[in-house]
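Take a look at the sequence and the fold, then read on.

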Amino acid sequence: MQKQGEKPSARIRARHVLILGGLGALGPLANDMYVPSLPTLSHDLAATTSQAQLTLSAFILGLALGQIVAGPISDARGRRWPLLIGVAVYVLTSLLCAIAPSMAILIPLRFIQGVAGAAGVALALAMVSDLYSGITQARFFSLLMQINGLAPMLAPLLGGQLLRVTSWHGIFVTLALAAVLLLAVSALGLGETLPVSQRQRGGITTTLSAFRELLMDRRFVGYALSCGFAFTACIIYISVSPFVLQNIYGISPQLLGIIFGINALGIVIMAQVNARLVGRVPSQHLLSYGYAMIALGGMALLVVVLSGIGLIGILPAFFILTSSLGLIMPNATTLAMANTRAAGSAAALLGVLQLAIGAVVAPLVGLGGSASALPMAASIAAFALATLLTFILLCRPARA
């Protein structure tokens, strides 16, 4: 276990990568594993497409708001117990989602599941800041991005295969079992990373002061907001494309999982490229390449949908769009969390700005229905361009 007061390490430990990476993957797993079953879920619960997408948005919104609670609490009380409690609640709500009889019950449960999962996502980032610094920290964030890229890559594949032997109910049970495993290894292999001497005091006043200081930092807001717009474009892709690809282009749930897996593999590849370049190329430059990629992917998607080219144009555009996250997420996180002593609060604000926009926008895009790919493509292109413009306006000039 990590000893309290231990100085940041210059060497990345495999145990930290596996545990913190797994905790950070709780969100992608819960969001992506049952994506192939969304059409079936909406049929079973007599729901519309937009209502089914609300189960995604409710989770993402809970994931965002939960970080506002978990982050500051961990700054004041330490990381370990908020983390363990959050994962335990995640296990319980996953099981309750499996037996939900209606959308009216499933949507609130998904929100609570997101709030609980936020502890793993936000506190994993805060623990990295506790344990590592400098280039080592940046490389660790790249490793986390690779693991978090594997999660959405494997989750739809696993979800699609699970649908051969079970239903969406069984997928939620699988999520609960995965969280039980993470709870056990976290309890046994991860100690407290924030010494008592470094914890914040002053209660809600100190928390609000930390949030205010972060929100007054133009570059922090720029990195967080631009990253949030990028994430929103990908949330729209995750939540709307299953309906578009299956209803318009006749893609099966199993093939959909493979497509999602290939696109997520792009995230892993770009995160690996980023990890090798960190230290030789400034993070600011790497981030600008990522934002250029997502703008290119978004505009290409809109063009191919308008032209009616079909899957031969849509699938490469999706790949470029999602791959860009391998450069965007680790570098935006590193730059946003640099020079802050309230790592939990910073991680919380990052999470809110990254997730909340997508949680609101995705079901609105779903109201456009699944008879045309144009609402999805136009929305993705708009947020991809907003990502690049926000970076240009708020994040320059900035130190790498």
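A residue counts as buried when its relative accessible area is under 20% and as exposed when that area is over 50%. By that cut-off R110 is buried, because its relative accessible area is 0%. Please keep in mind that this is a predicted model.

**R110 and its surroundings**
- R110 sits in helix α6, which covers residues 103–131.
- Leaving out residues up to four places away in sequence, R110 touches A30, N31, Y34, T55, L56, A58, F59, C97 and F172.
- The side chains of R110 and Q113 are joined by a polar contact of 2.8 Å.

**Two loop residues: buried or exposed?**
- R79 lies in the loop between α4 (49–77) and α5 (80–98).
- R79 has a relative accessible area of 1%, so this arginine is buried.
- The side chain of R79 makes a polar contact of 2.8 Å with the side chain of S74.
- A46 belongs to the loop between α3 (38–44) and α4.
- With a relative accessible area of 71%, A46 is exposed.
- Although A46 and S102 are 56 residues apart in sequence, their C-alpha atoms are 8.3 Å apart in space.

**The largest nonpolar core**
- This core has 117 residues, and L20, L23, F220, L301 and I380 touch the most other members.
- Helix α10 (residues 218–247) gives the largest share of the core, with 17 residues.
- Setting aside neighbours within four places in sequence, L20 is in contact with A124, M127, V128, L131, F140, L144 and L190.

**Helix α1**
- Helix α1 runs over residues 14–24 and is mostly covered, with eight of its 11 residues buried.
- The buried residues of α1 are H16, V17, I19, L20, G21, G22, L23 and G24.

**Helix α10**
- Of the 30 residues of α10, 25 are buried, so the helix is largely enclosed by the rest of the structure.
- D217 caps the N-terminal end of α10, where a side-chain oxygen of D217 lies 3.0 Å from the backbone nitrogen of R219.
- How far apart are the end C-alpha atoms of α10? They are 43 Å apart, which agrees with the 44 Å that its 30 residues should span at 1.5 Å a residue.
- Helix α10 has a kink of about 45 degrees at V240, shortly before the proline P242.

**Cysteines**
- How many disulfides does the model have? The count comes to zero.
- The closest cysteine sulfur to that of C234 is in C227, 9.8 Å away, which is too far for a bond because a disulfide needs the two sulfur atoms within 2.5 Å.
- C234 has 4% relative accessibility and so counts as buried.
- C97, one of the residues that R110 touches, also counts as buried, because its relative accessibility is 0%.

Notes:
Residues are numbered from 1 along each chain as its sequence is written. This is a predicted model: local features need pLDDT of at least 70, side-chain atom pairs count only at pLDDT 80 or more; totals for chains, interfaces and linings use all residues. Side-chain values use heavy atoms; hydrogens and water are left out. A nonpolar core is a set of buried Ala, Val, Leu, Ile, Met, Phe, Trp, Tyr and Cys residues joined through side-chain atoms within 4.5 Å. Buried means under 20% relative accessible area, exposed over 50%, partly exposed in between (1.4 Å probe, protein chains only). Helices (H or I, at least four residues) and strands (E, at least two) are DSSP runs, numbered from the N terminus. Contact means heavy atoms within 4.5 Å. The expected span of a helix is 1.5 Å times one less than its number of residues. The bend at a residue is the angle between axes fitted to the seven residues ending there and the seven starting there. A polar contact is a pair of N or O atoms within 3.5 Å; within protein, one must be able to donate a hydrogen and the other to accept it, and residues adjacent in sequence count only if both atoms are side-chain atoms.
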